Every structure is written in C-alpha cells, then in structure tokens.
Amino acid sequence: MYGVETLVHPDYQGYGIGGLLMERRFECARQLNLRGIVGGSLIKDYHKVADRFTPEAYVAELVAGRLFDSNLSKQIKKGFNPLNAIPDYTEYPGSLNYAIAIVWDNPAYRAPEPKIIPFPDAESLRAGGSSIAL
C-alpha cells in the first residue's frame, strides 16, 4: 500500500486524529494481507539543523533518538523504517523540499502458498498434449 501524506488541520492537531488515521492504514494492510506500507514523509523540522546535517545525517540522528522531527519521528515510533532522502518531493519550506521514503513491514503478513503448475512430461507432449491447463 502506498500512503500519501496525510495532514491534520492545525486547529485539530494534538487530538490523536493523525494517529487514528495511521492505525486505520495498519488495520487495512493487515486485513488485506499486504506486505506493508510505503510512503514519503516530510522532515518538517529539517530547516532548523540543515546548516549542520545532510538529510541522511538528520534522519540518522532521529533514528538514534538524539533529535526530534515533528513528523518523521512520530512515524518512526509507529514502526516505519526510513530508507532514503527524496529531494524536491514538495515545496514545504520547513523540509527544504525533502521527504524521506519510509516503509512499514506488516508483521501479520503471510505469504500465499505457491501454486505449482505441473509441466507436461515429454511423453504427453509427443502424444499431442501441447497445451497446459491452468
């Protein structure tokens, strides 16, 4: 599943709405037996330290818990793993237009049983059984 950026209006932030929306995404991924969720996360507070850190170094500091980003840190806490920086993802000034590709692996995912389709043996091919029924 691909998760597009979800924003809560500033007047309604702090009431758990964003967390509830994310929980519904997790629930949907589990119910549909999806491998996980992929998305792009703004690094909303990157501008505060951009003079000292590259986006990649900033994310490393977030993962280590030495810095806090008002967007990505919350997603990391929910189980998302940051992968790589995405330049020019947006025109949001606080992120200096960067986002981070993130992935959540569904711990409930169960790979479907492989379907084995028998290949006809040479004898049945010679006897005219040249098609494979699926």
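Does Phe26 count as buried or exposed, and at what relative accessibility? Phe26 counts as buried because its relative accessibility is 3%. Buried means under 20% relative accessible area, exposed means over 50%, and partly exposed lies in between, with a 1.4 Å probe and protein chains only.

The structure is a predicted model, in which local features need pLDDT of at least 70 and side-chain atom pairs count only at pLDDT 80 or more, while totals for chains, interfaces and linings use all residues. Residues are numbered from 1 along each chain as its sequence is written, and side-chain values use heavy atoms, with hydrogens and water left out.

**Overall layout**

The protein chain holds four helices and four strands. Helices (H or I, at least four residues) and strands (E, at least two) are DSSP runs, numbered from the N terminus. Starting at that end, the order of elements is β-α-β-α-α-β-β-α.

The radius of gyration of the protein chain is 22 Å, whereas a compact globule of 134 residues would have one near 14 Å. This radius is taken over C-alpha atoms, and the globule rule is 2.2 Å times the number of residues to the power 0.38. Along the principal axes, the C-alpha atoms fill a box of roughly 75 × 30 × 25 Å. Of the 134 residues, 29% count as buried.

Ala111 lies in the loop between S4 and helix H4 (122–126). Ala111 counts as exposed because its relative accessibility is 56%. Ala111 and Tyr98 are 13 residues apart in sequence, and their C-alpha atoms are 34 Å apart in space.

**The sheet**

The four strands make an open sheet with mixed pairing, in the order S1-S2-S4-S3. Strands S1 (2–3) and S3 (81–86) stand at the edges with a single partner strand each, so one side of each has no neighbour in the sheet. Two strands pair if DSSP finds at least two bridges between them. S3 and strand S4 (residues 99–105) run antiparallel and are joined by five bridges. Pro82 stands opposite Ile102 in S4.

**Aromatic pairs**

The structure holds four aromatic pairs. Rings of Phe, Tyr and Trp (its six-membered ring) pair if their centres lie within 6.5 Å; planes under 30 degrees apart count as stacked, over 60 as edge-to-face and the rest as tilted. Two of the pairs are given here.

| Pair | Centre to centre | Angle between planes | Type |
|---|---|---|---|
| Phe26 and Phe80 | 5.8 Å | 35° | tilted |
| Tyr46 and Tyr58 | 5.3 Å | 55° | tilted |
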